[in-house]
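Please keep the sequence and the structure in view while reading.

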Amino acid sequence: MSHDEDPTRQVPAYGDTAQPAIAARMAPHLRLTQIGALCGLVSVIAATAAVVIFPSFDGGTGLAWAVGALVSAVLMLIICVVQVVVWRRAMASWLGKRPQDLQAEKQLSWIAHLASYAVALAALLSCMAGSAAAGWSSGSAVLLAVTLLFVLAAQVLAGVQFLRPSGPPGTLPAHIRRLNTRSRYRND
């Protein structure tokens, strides 16, 4: 096969709505957000179970922390679902199934991304305080630890995956590639 016949080297015409290269590059990010949403669902289930079996010997203040952990888990699940929906809409646009301007989706995804940090911090504090109030070896404390683990996994896998067609922003290899590119331009 000659260089001109290779389908991977053929550039689509300017203005085409389908952008298969971006769609192929971003498919792993869509999968990450989907896995993160599943982690968010597991965290909600664990937090619900922790609230249901929470010991009632402390007068209710510990239960309030467990309910706070449940609220944090639900909020993280909502953030993850928002990210999945935004990424699916972008993927449909990049595949040419439903062409649209993705500016509103980018903004919504960025806001959800920022909110995920506050929710993760609230989950951390409420899970730790709820576990301490329940007694570190109780079943509720174990479930709150599972809740925290899955909330953080959901945040890392989906919450921070804001919509961007340029690739992952903060990974070390991406940063090193950017530095190498800048260095090459300076040397030339």
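Two residues are said to be in contact, or to touch, when heavy atoms of theirs lie within 4.5 Å. The model described here is predicted. Its chain holds five helices and zero strands, and its elements follow the order α-α-α-α-α from the N terminus.

**The chain as a whole**

- The chain has 188 residues, of which 36% count as buried.

- Ser 126 belongs to helix α3, which spans residues 103-134.
- Is Ser 126 buried or exposed? Its relative accessibility is 4%, and the limit for a buried residue is under 20%, so Ser 126 counts as buried.
- With residues up to four places away in sequence set aside, Ser 126 touches Trp 65, Gly 68, Ala 69 and Ser 72.

**The nonpolar cores**

- The largest nonpolar core contains 18 residues, and the members that touch the most other members are Val 44, Ala 73, Met 76, Cys 80, Val 151 and Ala 154.
- Helices α1 (20-52), α2 (61-94), α3 and α4 (139-159) each contribute at least two residues to this core.
- Which helix supplies the largest share of this core? It is α2, with seven residues.
- Val 151, one of the core members named above, is in contact with Ser 43, Ala 73, Met 76, Ala 120 and Ala 123 when its neighbours within four places in sequence are left aside.
- Another core, of eleven residues, lies apart from the largest one, and its members include Ala 23, Leu 30, Met 91 and Leu 102.

**The packing of α1 and α4**

- The axes of helices α1 and α4 come within 7 Å and cross at roughly 160 degrees.
- Why are α1 and α4 described as roughly antiparallel? Angles over 145 degrees count as roughly antiparallel, and the crossing angle is roughly 160 degrees, so the description applies to α1 and α4.
- The crossing of these two helices, α1 and α4, is left-handed.

Terms used: Residues are numbered from 1 along each chain as its sequence is written. This is a predicted model: local features need pLDDT of at least 70, side-chain atom pairs count only at pLDDT 80 or more; totals for chains, interfaces and linings use all residues. Side-chain values use heavy atoms; hydrogens and water are left out. Helices (H or I, at least four residues) and strands (E, at least two) are DSSP runs, numbered from the N terminus. Buried means under 20% relative accessible area, exposed over 50%, partly exposed in between (1.4 Å probe, protein chains only). A nonpolar core is a set of buried Ala, Val, Leu, Ile, Met, Phe, Trp, Tyr and Cys residues joined through side-chain atoms within 4.5 Å. Axes are lines fitted to C-alpha atoms, for helices over the stretch in contact, and angles run from 0 to 180 degrees between N-to-C directions. Angles under 35 degrees count as roughly parallel, over 145 as roughly antiparallel, 65 to 115 as roughly perpendicular and the rest as oblique. A crossing is left-handed if the near helix is turned anticlockwise from the far one by less than a right angle, and right-handed if clockwise.
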